Amino acid sequence: MSALNSSRFLYILAWKLFEGVRGLVKYWIFAVSEENWFVIKEKYVYGVPEGSKAVDLVKPGDVAVFYVKKKGSKELGGKFVGAFSIISNWYHELKPLWPDEVRESRVKYPWRIRIKPIKFGAADFTELVPRLSFVTNKERPYVFLIGIPANLGKPVPEKDAKLIIESLR
């Protein structure tokens, strides 16, 4: 094989590997309380309860999009508020971090991951529903925000995640 053919082969191989890795990124939605959102935004960490399937599903390199639940919220309820890259594996922590954990003096979300911000802002869920393909029942859209991760434990399509992230203002 000539040097030119060899370098072309390596270029094509590298591109195919990149395409494969890029296709492995999954986009997840996590619904959180407003008070826990402020900790996520400040500490760049997210946590889930013992037994959450997120620990098996969500991997470094994936993207987490956060939605603030309406219940108990003062200003951000009903909105997507930020997107982060997952930058660590899950680890187990026994020190209370979240406001509800501190109040109750017990760890409720021991499985944690480190995250790196992509974008902060606010995007109203109800305004985006008509354009989100993962919300297949437009009359009952909030069903798709249940679970850890949300969307019935399934990743959302890349185009939906990108729409949400681009809408954060």
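Begin with Ala64, whose bridge partner in β4 is Phe84. Strands here (E, at least two residues) and helices (H or I, at least four) are DSSP runs, numbered from the N terminus. Two strands pair if DSSP finds at least two bridges between them. β3 and β4 run antiparallel and are joined by six bridges. β1 and β3 are also joined by six bridges, but these two strands run parallel. Here Val32 has Val68 in β3 as its bridge partner.

Before we go on, a word on the model: it is predicted, so local features need pLDDT of at least 70 and side-chain atom pairs count only at pLDDT 80 or more, while totals for chains, interfaces and linings use all residues. Residues are numbered from 1 along each chain as its sequence is written, and side-chain values use heavy atoms, with hydrogens and water left out.

## A strand with cover on both sides

Is β3 enclosed or open? Six of its six residues are buried, so β3 is largely enclosed by the rest of the structure. Buried means under 20% relative accessible area, exposed means over 50%, and partly exposed lies in between (1.4 Å probe, protein chains only). Val63, Val65 and Tyr67 point one way from β3, whereas Ala64, Phe66 and Val68 point the other way.

## The whole chain

Now step back. The chain has six helices and six strands, and along the sequence they follow the pattern α-β-α-β-α-β-β-β-α-β-α-α. Of the 169 residues in the chain, 40% are buried.

Contact means heavy atoms within 4.5 Å. Among the contacts in the chain with a separation of 6 or more, 71% are between residues 24 or more positions apart. The chain exposes about 9900 Å², and carbon and sulfur atoms supply 58% of that area; accessible areas come from the Shrake-Rupley method with a 1.4 Å probe, and for residues only the protein chains shown count as cover.

Look next at helix α2, residues 34-43, where Glu34, Asn36, Trp37, Val39 and Ile40 are buried. What covers these buried residues includes β1 (27-32), β2 (45-48), β3 (63-68), β4 (79-86), α4 (99-104) and β6 (111-124).

Helix α6 spans residues 158-167, and its buried residues are Asp160, Ala161, Leu163, Ile164, Ile165 and Ser167. They pack against β1, β3, β4, β6 and α5 (125-128).

## Rings that meet

Rings of Phe, Tyr and Trp (its six-membered ring) pair if their centres lie within 6.5 Å; planes under 30 degrees apart count as stacked, over 60 as edge-to-face and the rest as tilted. The count comes to 15 aromatic pairs by this rule. Why is the pair of Trp37 and Phe84 edge-to-face? The ring centres are 6.1 Å apart and the planes are at 70°, so the pair belongs in that class. This pair links distant parts of the chain, since Trp37 is in helix α2 and Phe84 in strand β4, 47 residues apart.

Ring pairs also link Phe30, Trp37, Tyr44, Tyr46, Phe66, Phe84 and Phe120 into a cluster. Lys41 lies over the face of Phe120, at 5.0 Å from the ring centre. A charge sits over a ring if NZ of Lys or CZ of Arg is within 6 Å of the ring centre and within 35 degrees of the ring normal.

Most residues other than glycine have a negative phi, and most peptide bonds are trans. Tyr44, in the loop between α2 and β2, has a positive phi near 55°. Tyr44 is partly exposed, with a relative accessible area of 34%.

The loop between α5 and α6 holds Asn151, whose phi is positive, near 60°. Asn151 is buried, with a relative accessible area of 4%. Pro149 has its place in the loop between α5 and α6, and the peptide bond from Ile148 to Pro149 is cis, with omega near 0°.

## A buried arginine

Finally, find Arg112 in strand β6. Arg112 is buried, with a relative accessible area of 4%. What does its side chain reach? The side chain of Arg112 reaches the backbone oxygen of Lys95 at 3.0 Å, and that of Tyr109 at 3.0 Å.

Conventions:
Polar contact = N/O pair within 3.5 Å; in protein donor to acceptor, adjacent residues only side chain to side chain.
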